[in-house]
Each structure stands twice: as structure tokens, then as C-alpha cells.
Amino acid sequence: MVLIIGTGSSVVSAKTVAIIGAGFSGTMTALHILLKTDNCRILLCEKSANFGPGVAYGTARSDHLLNVRASNMSAYPDRPNHFVEWLQASDLDQSAQMQSTTAGTFVSRQLYGRYISTLLARANESQSGVGRVTLVPEEVINLVPNDAGYRLLLAGGREHQVAAAILATGNVLPNKPQTGPYIANPWLSPFAEKLDSDKPVVIMGSGLTMVDVALQLRGSEFVGPLIAISRRGLLPRTHSSTRPWPLPRLTPQEQSSLAQLLLRIRKEVTAARAEGISWHGVIDSLRPITSGLWQGLPEEEQRRFLRHARPWWDVHRHRTAPAIGAKLQNLVDSGDLVIRAGQITEIDIDDAQAVVHYRPRYTSRSDTIVAQRIINATGMLSADKSEDSLLQRLAEQGLVRFDRHRLGLDLTAKLQAIGASGRVTPSLWALGPIGRGVFWECTAVPDIRNQSAHVAEQFSTAASG
Ligand SMILES: Cc1cc2nc3c(=O)[nH]c(=O)nc-3n(C[C@H](O)[C@H](O)[C@H](O)COP(=O)(O)OP(=O)(O)OC[C@H]3O[C@@H](n4cnc5c(N)ncnc54)[C@H](O)[C@@H]3O)c2cc1C
């Protein structure tokens, strides 16, 4: 990379990289770059000003548990016991934030957020890290390419010259806080406040985000009707202890046809059951090849998966900790949470209420619920509808393009951004959930920790070239 002199920017260096987003993806990429290089500087930019935890692990509630066992949550791909050892060495009072079960140990997301923040703080203070990471508590609103890399523009008006940039901006979510009857993003807006006790609250979706929202509402003073509506009304399953099942050897037909693949998975489940192993073992056995399977499916088969099989896959693949599963079951059994299967067809919103029209599954009738609040727990926006200034501007300049399903960005296997022309955009990488359309299985720690090491490796190779 060229040495940049006198650009007039506040940071001038041939080897400065901007990492945009300091959740798990961005923070771990920064730590790997520190390890792999000895003179590169990092601008770690985070609009929430909370460096390390990101959306998932920034919760203030200690009863929000990880949905992955602690033994599989190490931040480093080559040190599988790192998180467990950190827990053992830590003098924090963990008893209230940890559930040990026969299915494994599940700790609070808050504790995990502290783990990541601690790693960042330690790296920053270490001999190799001192003075190399600048924390920028601001939103990045644009990257403008120039001969030296990119001019990075911040919402507050300042700018920096960087040689390369790494997008670690997380899921594409609505990013405007709301206070009225419609809550577009429950991670951003308080949704359990100022509720009447007798009027219904509706949650859109019945996945893990719905579970968080429902438990939080039932832990608040709200005692009115609580109804979750999703197309199929499927609830996330719970982790259980089971023996592992061997990775199936799939035929080429099973790898290119969704119907054949699902049939094979069902056969594996039957065979596993005959040996006393539950379906959990079969789903887990597919984990190492899930991303490859997704990428190998023809485009139309991928679309079929998104339309028909995704809800089924999601509830089996993304499971709750046993304690959370038990609480969820109690809510459903007691009627404190009503699950409706159906399609929401229209929502009429005014200042005081949301009138929700939906068509119950397998019927042609339309039912109506007059809710005081409706909370969208269905997750992400389509990438082309992103409200994020940065993504919009990068797309307008042709520096990035959306993947074929518009779930996120189009990326190469090496996580380089692909521009509107179809060519790789120089010195621009992206990782984490934003690559879901390309890789599918890239939203959880066990996958992102590999990606962050990989991106850091590429940046350090480029920087030393
Ligand atoms: C509620 C919840 C629970 C989860 N539980 C688990 C679990 O138990 N185990 C597991 O493996 N995975 C879990 N996940 C998956 C989770 O997505 C990943 O583990 C991981 O946290 C994703 O991190 P990230 O850094 O990519 O995204 P995020 O955590 O979303 O971080 C992205 C960051 O980028 C910042 N940002 C975005 N745009 C800009 C900008 N323009 N300028 C500056 N900053 C910006 C945001 O403020 C945010 O902090 C969970 C996810 C959620 C939502």
C-alpha cells in the first residue's frame, strides 16, 4: 500500500484500516489484525458508542441467555476453550447468569458481552496494541474511494483517510427508534413501557426474537393479552443432550435439489432415532457443510428454501437454552402467550392503536386484533430497503451490490465486496450477518470467529505487500 502524506485528514497512514461496527464481528476482526500485524492502525467505528457487545450481547437483562452452549462460544477459532477458561478465571459473580443443564451450560448474553469488551480492552492495553486502535463512537455515513483508499465520513462531519475498510455492520434492521403503537425494531426502542393492562399486544414472528420480547413483556407489569402471529406458528425448539450423529455423505442429487435434501434429512432423523439419537444430533451434524450446501443449491432451489423450508429449518437450527424453552412452554401452557398461525395482511396504525388484520393458516377468512402495540420480531429488512445511510451510499456509488436474494451484500468467498459492475471493490471487505445471502450460515459466533480471522489475514497480507 502507498504511503499517504498530507491529505488534510485527521488520521494519515498507509496502513490504517477502518472497521465499521464494533459488535462481535468488528471487535474480533480488530483483535486479529492486532495479532497479525505490528504497525497497522485501526479505526474501530461504532455508532452506539458501546464497543464489543453489539446488538446481541448488549442487553441489560441478565435473564437473556445465549442460545449456544458456552463450550462453543470461544471468540477464537484456534482456542476452543477460551471462553470457558475466561469464565473460570473471572471473579465476576456468575451464579445468576449461568444455567448448567444436561444439555450443556448456557450463560447470559450480558456476560458474553463483557467477555468481548474485556478482550478488546486488554488488547488495547497490551504492548502490541497500545496506540494502534482508535475507538470512534460515531456513525460512519459514507466511504468515498480515492487513490489512497477511502475517505471515511462520519455523521458528526469529521472525516478520516483510510487505506481499507471492513464492514461489520450486523443484520440489516430498521434503525429509527419508535415510540408509537408500531415498534419496528425491538432492539432499538423500548416496547414494554406505558402499556394498558387490559389491551392486547401483538408480536409479529414466533422465533427467538419473539421469545425475548414475550419474556420481557411478561417480566414487566403488563398482564394483558399477548399474541404472537407468524405464518406457521412454529416455535423455536430447545437444546437437549444427545449423542452426535455422523455427517451424512450426500449424493449430488441431494446437494442440488431441496426436496431430495429434505427427504434425506428426514431419513437420517429416522435412522438416528432408531439408535436412540434425537433429531438434534442430525441437524448439528450438518453444521460443517450447511454453508457449502446453501452455496451449491441452484438459485431457484435457494428461493424455494427461503419461501417454504426456512421457518422449519430456523426453529430446529436456532434453539433456545433449556431454561428459556421451559419458560416459553409455561407461557404458552398458561395462555399468557397465544401463538396464532396466519398471515398478517394489513396493519392500520394511528396514534393510539394498531388494527392488525390477518388470515389464519388454512382459511380464507380475515381476523382482526385491535392492539395497543405491535412489535415486529421478524428480524431483518431486505437489504435494498436498508435505512442505513452507509449501505445506501455504498450501493449508490456502485461499491457494493446486494446478493441475489437481497438479504445482504454480494461477497466473494474471501469476503471481498463485489461492486455493481460485478468486479471486486478494492480494499473493501464485509463479514457477519450481512453476508447471509451468499453464505447463509454466517450469523453466529462459531462462523463469525472464522470469518474475522480470515478477513484480518487478508488485510494484513495486503498491508504488508
Ligand atoms: C438477540 C440475539 C441473540 C443472539 N444470540 C446468539 C448466541 O447465543 N450465540 C451466537 O453464536 N449467536 C447469537 N446471535 C447471533 C449474533 O448475530 C452474532 O453472534 C453476532 O453477535 C453478530 O455480531 P455482529 O458484530 O456481526 O453484528 P451486531 O452485533 O449487530 O453489531 C454490528 C454493530 O455495527 C454498528 N453499526 C452498524 N452500522 C454502523 C455504521 N454505519 N457506523 C458505525 N457503527 C455501525 C451497530 O451499532 C452494531 O453495534 C444472536 C443474535 C441476536 C440478535
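Modeller: Happy to. Met210, Val211, Ala214, Leu215 and Arg218 of H5 meet Ile324, Lys327, Leu328 and Leu331 of H11, where contact means heavy atoms within 4.5 Å. By class, the residues of this contact are seven nonpolar, no polar and two charged; Ala, Val, Leu, Ile, Met, Phe, Trp, Tyr, Cys and Pro count as nonpolar, Asp, Glu, Lys and Arg as charged, and the others, Gly among them, as polar.

A caution before going on: this is a predicted model, in which local features need pLDDT of at least 70 and side-chain atom pairs count only at pLDDT 80 or more, while totals for chains, interfaces and linings use all residues. Residues are numbered from 1 along each chain as its sequence is written, and side-chain values use heavy atoms, with hydrogens and water left out.

H5 spans residues 208–218 and H11 residues 322–334 (helices are DSSP runs of H or I, at least four residues, numbered from the N terminus). Their axes are 11 Å apart, at an angle of about 65°; axes are lines fitted to C-alpha atoms over the stretch in contact, and angles run from 0 to 180 degrees between N-to-C directions. H5 and H11 are therefore roughly perpendicular (65 to 115 degrees; under 35 is roughly parallel, over 145 roughly antiparallel and the rest oblique). Their crossing is left-handed, meaning that the near helix is turned anticlockwise from the far one by less than a right angle, with clockwise being right-handed.

H9 (residues 287–296) and H10 (residues 299–317) cross at roughly 165°, their axes coming within 13 Å, and the two are therefore roughly antiparallel. This crossing is left-handed too. Among the residues that meet here are Trp294 of H9 and Trp313 of H10. The contact of H9 with H10 has four nonpolar, three polar and two charged residues.

For H1 (residues 24–36) and H14 (residues 445–464), the axes are 8 Å apart at an angle of about 40°, so the pair is oblique. H1 passes H14 in a right-handed crossing. The contact involves, among others, Ser25 and Met28 of H1 and Val445 and Ile448 of H14; its residues divide into nine nonpolar, five polar and three charged.

Ser25 and Val445 lead us to the ligand. They are among the residues that come nearest to it, along with Glu46, Tyr57 and Asn67, out of 33 around it (a heavy atom within 4 Å). A ligand oxygen atom is 2.6 Å from an N or O atom in the side chain of Tyr57. Backbone polar atoms also take part, with a ligand oxygen 2.7 Å from one of Asn67 and a ligand oxygen 2.8 Å from one of Val445.

Methods
A polar contact is a pair of N or O atoms within 3.5 Å; within protein, one must be able to donate a hydrogen and the other to accept it, and residues adjacent in sequence count only if both atoms are side-chain atoms.
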